[in-house]
Amino acid sequence: METSNQRAISTVQASRSRDSLKDTALGLVSTLSFPAIVGTADMMLKSAGVHLVGYEKIGGGHCTAIVRGGIADVRLAVEAGVQTAEQFGQLVSSLVIPRPYPNLEVVLPITNRLSKVMEEGNYSRLSNQAVGLVETRGFPAMVGACDAMLKSADVHLAAYEKIGAGLCTAIIRGSVANVAVAVEAGMYEAERIGELNAVMVIPRPLDELEQTLPLASCWIEQRQPLNLPVNIKEQVAEIEMLQLPDLTQLPVKILEE
């Protein structure tokens, strides 16, 4: 009896899932750069009524933005995303899946991820500020770019992202003017040290884009002296001052042959 009830419940749930997915679609756009995929996702959100599920990073620099919404909206968003990615010269592929089967949702955890993002959010004191991204090939170039950006304008380093193939992206936040100045300084420094791969400035990020960006777990509000655990052991030779005798007062013995 219990088995029959469980099957009936499962059938009803599956039917409801199919109905909820009846007029929806999944949209995917893939690039070879993290700044490019963030800019692509921003354009997809602003071009149609879709929700940003998040990014899938599979290594080798490949990043995919996944959106969800009505079929017409997703098609429009993916088209806008493809155009943006092509402008960067970073487009890999794109896909629209109308009415995805529930099994696809379970395997990819798209629904769960979307629910988690919508519930938790990622609000911080830097939210609603412009976003600047500088991507380099090589960690030293990114660190140098971060230093140059922080010294050139009033911006905050929010986090950094690694996507494989030696690509790492510094993410800064601040006013539009400050972010623009900082990104330019970071570009020059990255090129001086190593290889600059891509840059992006997003003046007004939407809330859903905010929720998918990485955020540092700590902040430095005021510069503090850097205390290093230095343990230096030096052997200092002790110098003993000796007073030499006055030779003029010593008895002189003349040896005679």
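## Close-up views of a predicted model

**View 1. Y55 is a buried residue.** Y55 has a relative accessible area of 10%. That value is under 20%, so Y55 counts as buried. The model shown here, and in each view below, is predicted. Y55 belongs to strand β2.

**View 2. F34 and Y55 form an aromatic pair.** A pair of aromatic rings is described by the distance of the centres and the angle of the planes. For F34 and Y55, the centres lie 5.9 Å apart. The planes make an angle of 70°. This arrangement is edge-to-face. Where do the two residues sit? F34 is in helix α2, and Y55 is in strand β2. They are 21 residues apart, so the pair links distant parts of the chain. F34 is buried too, with a relative accessible area of 1%. The model has two aromatic pairs in total.

View 3. Strands of a sheet pair through backbone hydrogen bonds, either parallel or antiparallel. Here the order is β2-β3-β1-β4, and the pairing is antiparallel. Which strands stand at the edges? They are β2 (50-59) and β4 (91-98). Each has a single partner strand, so one side of each lacks a neighbour in the sheet. Neighbouring strands are turned by 15° against each other on average, direction ignored. Helix α2 (residues 34-47) packs on this sheet. The helix touches β1, β2 and β3. Its direction makes about 165° with that of β2.

View 4. Eight bridges join β1 (residues 24-31) to β3 (residues 62-70). These two strands run antiparallel. A25 stands opposite G69 in β3. Eight bridges also join β2 to β3, again antiparallel. Here E56 has T64 in β3 as its bridge partner. The hairpin of β2 and β3 has two residues between the strands. G60 in this hairpin takes a positive phi near 65°. Is β3 enclosed or open? Seven of its nine residues are buried, so β3 is largely enclosed by the rest of the structure.

**View 5. Helices α2 and α3 cross.** Two packed helices are described by the angle between their axes and the distance between the axes. The axes of α2 and α3 (residues 71-88) come within 8 Å. They cross at roughly 145°. The crossing is right-handed. Which residues make the contact? From α2 come A36, G39, T40, M43, M44 and S47. From α3 come L76, A77, V78, A80, G81, T84, A85 and F88. Nine of the contact residues are nonpolar, five are polar and none is charged.

**View 6. A further open sheet has the order β6-β7-β5-β8.** Four strands form this sheet, and the pairing is antiparallel. At the edges stand β6 (156-164) and β8 (195-202). Each has a single partner strand, so one side of each is left without a neighbour in the sheet. The twist averages 15° from one strand to the next. Helix α2 packs on this sheet, touching β5, β6, β7 and β8. The direction of α2 makes about 25° with that of β8. Eight bridges join β5 (residues 130-137) to β7 (residues 167-174), which run antiparallel. G132 stands opposite I172 in β7.

Note on methods
Residues are numbered from 1 along each chain as its sequence is written. This is a predicted model: local features need pLDDT of at least 70, side-chain atom pairs count only at pLDDT 80 or more; totals for chains, interfaces and linings use all residues. Side-chain values use heavy atoms; hydrogens and water are left out. Two strands pair if DSSP finds at least two bridges between them. Axes are lines fitted to C-alpha atoms, for helices over the stretch in contact, and angles run from 0 to 180 degrees between N-to-C directions. Contact means heavy atoms within 4.5 Å. A crossing is left-handed if the near helix is turned anticlockwise from the far one by less than a right angle, and right-handed if clockwise. Ala, Val, Leu, Ile, Met, Phe, Trp, Tyr, Cys and Pro count as nonpolar, Asp, Glu, Lys and Arg as charged, and the others, Gly among them, as polar. Rings of Phe, Tyr and Trp (its six-membered ring) pair if their centres lie within 6.5 Å; planes under 30 degrees apart count as stacked, over 60 as edge-to-face and the rest as tilted. Buried means under 20% relative accessible area, exposed over 50%, partly exposed in between (1.4 Å probe, protein chains only).
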